[in-house]
Amino acid sequence: MALPQKKLKSTTGFYRNYIQGFYQRAHRAKAEKRPVAWVASTFPVETLQAMDIVPVWPENYASVCAARQISVELCERAEREGFSRDLCSYSRCVLGSMFGYEKELPEGGLPPPDFLVATTCACDTHLKWFQVASRVYKAPLFLLDVPYNTRGGDSTHLDKEHIEFYASQLGELFAFLETQTGRKFDMDKLRETLAVSDWTSRLWTEIQSYRRTVPCPMDARDAFSAVFFMLCIPGSQQAVDFYTQLRDEVRERAKSGVGVVEDERFRLVWDNLPLWYNLKIFEYLNSLGAVVVTEVFSHTWTGSLDPSKPLESLARKYLPNMANSSTRRRIDIILNLVKDFHVNGVVLPLNWGCRMMSIGETIVRDAVYKKLGVQSLIIDVDSSDWRIAREAQVKERFATFLETLKR
Amino acid sequence: MGWTCTYTPEEVIYAAGALPVMVWGGLGDTKLADAYMPGNSCSFARSSFNAALRGDYNYLDAFVETNSCDNRGKTYDMWVNYSKVPHTYFINTPHSNTEKAHEFFYREVVKFKKWLENTFKQPISDSSLKEAVEVYNENRALLRKIYDLKMKKPPLLSGTEFLEICLSSLVMPKKEHNELLTKLLNEIERRSDVPKQGVRLLVAGSVMDNSELSKLIESVGGNIVADDWCTGSRYFWNLVTSDGESLRAIARRYLDKVPSSFMFQREERFRHVAELAKQFKVEAAIMFVIKYCDTHMFDAPLLRDELKAMGLPVLYLEWEHSMSGFAGLKTRIEAFIEMVGGVK
């Protein structure tokens, strides 16, 4: 019988301690007329941090709204404006919050942007969603047009032309940021930010490495909270400080053999996003003796940055993001995780409004089984719209899957 | 050689001596593809892939996909992994038309040309590229001439007739098609069996690879006189115009043409639609958003508002390529046409 999860100290109260402060700072900046930018997922945010521009992540805000159980109401608000129910639930959620919501929004809503920066790197959705926001707020939008990583290579196996096209647009980005803020772009400041971001990335990677230990010392719920810094403000001292503290705690646990559950029977990889509105699902898995020991998501946002080659480094960090890559990249990542983390099952949750996180999972499932004999569960869910799948149904699928793994 | 997106530089394929054919789906269920592609994937992509699994495209020597939307990028992996087409290729299409994007796309087209030459052991000469441009431009100009005959009241040809003419261009040898179009143009201008006027409609959307919905519209008293489909006006609206190196001119045309919704220049498409609405004196608009096309789903509410601001009644419809909700669509279209027709 698996015992209840032992909580990590570092991530306890993560929302209250870090996320709330993040949004308060953004609102304060807005009130003080300092520049606030909306940033799309996989945008090289280090460039904004280097110019002291306050980045706001609508995507993160959507996950906050889901965790606070109001994402579906906000989605419905957007749907009433004519935005299809089949669109990305993150985008519907944020659009809904923009069109006027009768109740109080978490953290006072998102501060309106002075300008927006988007990229096609994660998906078309971000471009289109930000175009809508740009029109609503009458704020300019910059697009970083990113080629698709067709061959699915990692940061050391990218097409030369792709890196050049990416890096060449960063010059235009700096000019745009200068125009928007009236500040001068400083390459040395960018180099400093990249050094910090690189350190953040190393710490995060080190934290992940301890999760290879049996029993696993850190659960997915902690990882999906803590990855916030890696995702949203990697080039900040706060990120370094937090990850140092977390690293020490996880390392200590791994050393002394403290696991998420005492009787660890199933070690799982989790692809794509969690159900933000139901992070308790991980505890349900724990209760069945299963631990998500690693997530593809936790290995998507890292990347080494060389301050002596700032533009090329940024291209190499972001271009091979799995959302921007052929399925081969996702397969390579998952195969490595299965091997390195002693995994015996793979969870491939689809995301209803997201094509990038849905098409291709059958190829992943087949490849992982063929190469390593490990089974996968493809499950129809959505990260923020709980109308897509009933909880009882989801739980039953997991329970059945774990039964299959026993055989 | 099969292609799926109108951002594929067809001229280069033609110059290689190959026949470019647009890959379509069928109207039935997609049981074969459903085993591989989830229910929330683009129903056009799923349907085309289903056709490939069924063997409809076993005659293809090669399949070329472009990076024009998330669905395409990922569906390409499906073709590579599960279809029987011997050669596959992926062209990286930028989503903007800045000078840097043009330079990148030009290099992509050069790579594509080299790949064609190597794969089919067939050198592509400058003169064959020039000839391809001429033939394609002639086709575009002829289609435009015929299209413009719908401006007349009543239009000289029906929406369905035009759509089928345009669709035939997507799968036929262009030279032959040009000859047919030239003859047809003469005939249409002299035709006595002019179609019924009907309610003059503009339609907007992405791909329309069959005429079922158009026929449905006509059966209830409407007539499509103008369209914003990638398999309609956006296919032939722009010519290859710039002088100089053929490949550069060809590449330029694609990024600068009336944009699809995945491109950054959204306002240009909206202007094109507004312009069509005025020139073709439309009385109402129907937006056909194919499930699950993200880029059109985001644009649709904005375009709907713009058209309404022009005083046009607008009907927004989402449709499955398999036509699984055909009866429901019929009811809504019928009610809409009746409503608009009654206002007259």
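Helices H7(B) and H9(B) cross with a left-handed sense. In this predicted model, H7 of chain B covers residues 159–171 and H9 of chain B covers residues 212–219. Their axes lie 9 Å apart, and the packing angle is about 170°. Because angles over 145 degrees count as roughly antiparallel, H7(B) is roughly antiparallel to H9(B).

The residues that make this helix pair can be listed from each side. H7(B) contributes Gly159(B), Thr160(B) and Leu163(B), while H9(B) contributes Ser214(B), Lys215(B), Ile217(B) and Glu218(B). By class, the contact of H7(B) with H9(B) has two nonpolar, three polar and two charged residues.

Another helix of chain B, H11, runs over residues 246–256. Which residues of H11(B) are buried? They are Ser246(B), Leu247(B), Ile250(B), Ala251(B), Arg253(B), Tyr254(B) and Leu255(B).

The next topic is the contact between the chains. Chain B supplies 39 residues to it and chain A supplies 36 residues. On the side of chain B that touches chain A, the elements giving two or more residues are helix H4 (70–82), helix H5 (99–120), helix H13 (294–309) and strand E8 (314–319). Of these, H13(B) gives the most, with nine residues. Sorted by class, this side of chain B has 17 nonpolar, eleven polar and eleven charged residues.

Thr156(A) sits in the loop between strand E4 (141–144) and helix H7 (160–181) of chain A. Is Thr156(A) buried or exposed? Thr156(A) counts as exposed because it has 7 C-beta neighbours inside 10 Å, and the cut-off for exposed is 12 or fewer. Between Thr156(A) and Glu76(A) there are 80 residues of separation in sequence, and their C-alpha atoms are 43 Å apart in space.

Confidence values complete the description. The model scores ipTM 0.96 and pTM 0.97. For chain B, the average pLDDT is 96, and 99% of the residues score at least 70.

Technical notes:
Residues numbered from 1 in each chain as written. Chains lettered and ligands numbered in written order. Predicted model: local features only at pLDDT ≥ 70, side-chain atom pairs only at ≥ 80, totals over all residues. pLDDT = per-residue confidence, 0-100. Contact = placed C-beta atoms within 7 Å. Helix = DSSP H or I, 4+ residues; strand = E, 2+ residues; numbered from the N terminus. Nonpolar A, V, L, I, M, F, W, Y, C, P; charged D, E, K, R; others polar. Buried ≥ 20, exposed ≤ 12 C-beta atoms within 10 Å, placed from the backbone. Axes fitted to C-alpha atoms, helices over the stretch in contact; angles between N-to-C directions. Parallel < 35°, antiparallel > 145°, perpendicular 65-115°, else oblique. Left-handed = near helix turned anticlockwise from the far one by under 90°.
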